[in-house]
Amino acid sequence: MSDDAEAGRTAPERLVTLDNCDREPIHVPGAIQPHGALLAFDRLGHLSHVSANASDWLGSVPALGERLKASHLGGCSECAELINEMLLAAPTEDEPLPRSALVEIDGRCFDLVVHGSASYVICEFEHRVQGAAERAAFAQRAYRSMDRLKRQRSVDRLLETAVEEIRGMTGFDRVMAYRFRHDDSGDVVAEARREDLEPYLGRRYPASDIPAQARRLYVLNTLRLIADVRYEPVPLLAEDPESAPLDLSHGVLRSVSPIHTEYLRNMGVAASMSVSIVVSGHLWGMIACHHMAPLQVPYATRLACDLIAQLLASTVQSLEAKAREAAVARAAWLRTELVASIQAGDTVADVLSSEMPSLMSALVADALI
């Protein structure tokens, strides 16, 4: 390929390898996963981008450059209301706050998720396969899960409860809780799994497993589902081929890196979901879910998992603050004891020797010489 031809390719089209995956622009993949469709409108209401499968899922859709009409999307008035509501809302620095609704188009049910992104309003129609009875049972399970989490008094037990509850709600074969260290490496600190699967509890993974741009996305968009890792990406078509790629940082259907799907396939994983645990604006940990067959988890269920992660984050922050306060109090008490012993005539060496266990605990040290 000539240099000119290479220069003319968009970033998402470049070949991704293990050598350059840390520079892959994963927020602008130029494609979505196939279990739904995407429409993006500019702020004036003209269709600017559309997934190549949109008419297959949604029937009549606007042409590129056209406005949404009452006859489009199977005449679904709820779709039109939600999309127009977001179009009329003024863009804010805090975007996006997604709005969603369960809609029906030509006999098919979709979770319609709409959010603003820069100059666009992005509308994602994710096919829904869950029935009303299942939704009622799920709501009860979600309430019980939240209640169990609120009653935990340690970070370890909190994470153990979380993986059990999320596995119960979603049906994944394996649900793990990662806790990241100061160097961004991660440990599997809790796991709920199918009995015949090899345990991953206690394993440690290097920081390089999650490139920097992926960590940024995990903080921006705390939920990600890959319903079938063997999917064929559906390309996005743009009204203006020269326009910048559509930013799908907050998308629910965003296509993911081929390096990542290959990694999952090599592990024997067919479906994956991740939920970020963000504490004070930083990626503190993650709930990672694996299934050995394709699995599409409904949007409402994923939102409940995200709420669990938010509850985890706030509880972790509270527990860690209490632990720091207790450590400061213990250190102050220990200092008082050391000074008092020395003033009473004991030698420094004797005092340090007698208080060695307390000093090691206060300093979080494995040895004291």
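A residue is called buried here when its relative accessible area is under 20%, and partly exposed when the value lies between that limit and 50%. The structure described is a predicted model. Phe-180 has a relative accessible area of 13% and is therefore buried. This residue belongs to strand 7. Leaving aside residues up to four places away in sequence, Phe-180 touches Ser-185, Gly-186, Ile-210, Arg-215, Leu-283, Trp-284, Gly-285 and Met-286. Phe-180 and Arg-204 are 24 residues apart in sequence, and their C-alpha atoms are 9.5 Å apart in space.

Arg-204 takes part in a salt bridge with Asp-183, with 3.4 Å between the closest N and O atoms. Arg-204 lies in strand 9 (residues 204-205), whereas Asp-183 lies in the loop between strand 7 and strand 8 (186-193), so the pair ties together parts that are 21 residues apart in sequence. Both partners fall in the partly exposed class, Arg-204 at 44% relative accessibility and Asp-183 at 37%.

Salt bridges in the model number 16. Side chains of opposite charge can pair when their charged atoms come close. In the bridge between Glu-160 and Arg-157, the closest N and O atoms are 3.1 Å apart. These two residues both lie in helix 5 (residues 155-170), where they are three residues apart, about one turn of the helix. Glu-160 is partly exposed, with a relative accessible area of 33%, and Arg-157 is also partly exposed, at 30%. Glu-160 and Arg-157 belong to a network of salt bridges that also links Arg-148, Glu-164 and Glu-165. A further bridge joins Lys-69 to Glu-66, with the closest N and O atoms 3.1 Å apart. Lys-69 is partly exposed at 46% relative accessibility, and Glu-66 is partly exposed at 22%.

Pockets were also examined. The largest pocket has a volume of about 800 Å³. Its lining comprises 36 residues, and those nearest the centre of the pocket are Asp-209, Ile-210, Pro-211, His-260 and Tyr-263. Ile-210 is also among the residues that Phe-180 touches. At least two lining residues come from each of strand 7 (174-180), helix 6 (212-220), helix 7 (258-266), strand 12 (271-279) and strand 13 (282-291). Helix 7 gives the most to this lining, with six residues. By class, the lining of the largest pocket contains 19 nonpolar, 10 polar and seven charged residues.

The second largest pocket has a volume of about 670 Å³. It is lined by 33 residues, with Leu-220, Asn-221, Thr-222, Leu-223 and Asp-306 closest to its centre. Strand 5 (108-117), helix 6, strand 10 (223-226), strand 12 and helix 8 (299-343) each provide at least two residues of this lining. Helix 8 gives the most to the lining of the second largest pocket, with eight residues. The residues lining the second largest pocket divide into 18 nonpolar, nine polar and six charged. Helix 6 and strand 12 each supply at least two residues to the lining of the largest pocket and at least two to that of the second largest pocket.

Technical notes:
Residues numbered from 1 in each chain as written. Predicted model: local features only at pLDDT ≥ 70, side-chain atom pairs only at ≥ 80, totals over all residues. Heavy atoms only, no water. 1 Å grid on protein atoms, 1.4 Å probe; cavity = no way out; pocket = protein on both sides within 12 Å on 5 of 7 lines; lining within 4 Å. Points joined across faces, edges and corners; volume = space filled by probe spheres on them. Helix = DSSP H or I, 4+ residues; strand = E, 2+ residues; numbered from the N terminus. Nonpolar A, V, L, I, M, F, W, Y, C, P; charged D, E, K, R; others polar. Salt bridge = Lys/Arg side-chain N within 4 Å of Asp/Glu carboxyl O. Buried < 20%, exposed > 50% of the residue type's maximum accessible area, 1.4 Å probe, protein only. Contact = heavy atoms within 4.5 Å.
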